[in-house]
Amino acid sequence: DPADARAAIERSIDRLRRVRAFHLVVVARVDDGRGVRATWIGWDGRELRAEQAPPPCLFVSALLDPSGAERERGRSWDRFLKRRDAATLDALGAWLANHDPTPGMLSTCVHRPDARTVSRTLARVPPSGAIEVRYLDGPPCEAASVEHRYELQRR
């Protein structure tokens, strides 16, 4: 539950001051006709923020040019969503490996001298049955990166 996740993080706010910035996305089932809602929780080292969005949604993280990265990745995301295969994990995984407009800090798969994309996680949450999680250990654009697949059973 996104509210529970945020509350747990807020209870640890004093310890968080020693933690580097992070982003957490919580996906939960809701009864609003869409089925799921995604909540992005971000910690920048000083402040905790949260945003909600109905899927398919894109949450962008960038240190040097957040508005530029959001603009460029958003354009690429909009083009991706128009594809017929956009609903598949394979297509999404390939999109996360893209270098549009060019390899660098604005592309989805980031390449900078001081920072880069180091992994990717995909999750499929069907209305019933097991949740599928795919974790790629390494940059999404590199063939040598190893993908691990898990099925999480619901309680």
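## Strand E2 and its partners

In strand E2, Arg37 is the bridge partner of Ala28. This is a predicted model, in which local features need pLDDT of at least 70 and side-chain atom pairs count only at pLDDT 80 or more, while totals for chains, interfaces and linings use all residues. Residues are numbered from 1 along each chain as its sequence is written, and side-chain values use heavy atoms, with hydrogens and water left out.

Strand E1 (residues 22-29) is joined to E2 by eight bridges, and the two run antiparallel. Six bridges join E2 to strand E3 (residues 48-53), again in an antiparallel pairing. Here Ile41 has Ala50 of E3 as its bridge partner, and Thr39 stands opposite Gln52 in E3. Helices (H or I, at least four residues) and strands (E, at least two) are DSSP runs, numbered from the N terminus.

## The sheet as a whole

Together, three strands form an open sheet in the order E1-E2-E3, with antiparallel pairing; two strands pair if DSSP finds at least two bridges between them. E1 and E3 are the edge strands, each pairing on one side only. On average, neighbouring strands of this sheet are turned by 20 degrees against each other, direction ignored.

E2 and E3 form a hairpin with four residues between them. In its turn you will find Gly45, which has a positive phi of about 100 degrees.

Strand E2 (residues 36-43) is mostly covered, with eight of its eight residues buried. Buried means under 20% relative accessible area, against over 50% for exposed and partly exposed in between (1.4 Å probe, protein chains only).

In a regular strand the side chains alternate between the two faces of the sheet. On one side of E2 sit Val36, Ala38, Trp40 and Gly42, and on the other Arg37, Thr39, Ile41 and Trp43; all are buried.

## A pair of helices

Now for the helices. Helix H3 (residues 66-81) packs against helix H4 (residues 89-96) at an angle of about 155 degrees, with their axes 11 Å apart. Axes are lines fitted to C-alpha atoms, for helices over the stretch in contact, and angles run from 0 to 180 degrees between N-to-C directions. H3 and H4 are therefore roughly antiparallel to each other, a term for angles over 145 degrees.

Arg73, Ser76, Trp77 and Phe80 of H3 make the contact with Ala91, Leu92 and Trp95 of H4, where contact means heavy atoms within 4.5 Å.

Note on methods:
Parallel < 35°, antiparallel > 145°, perpendicular 65-115°, else oblique.
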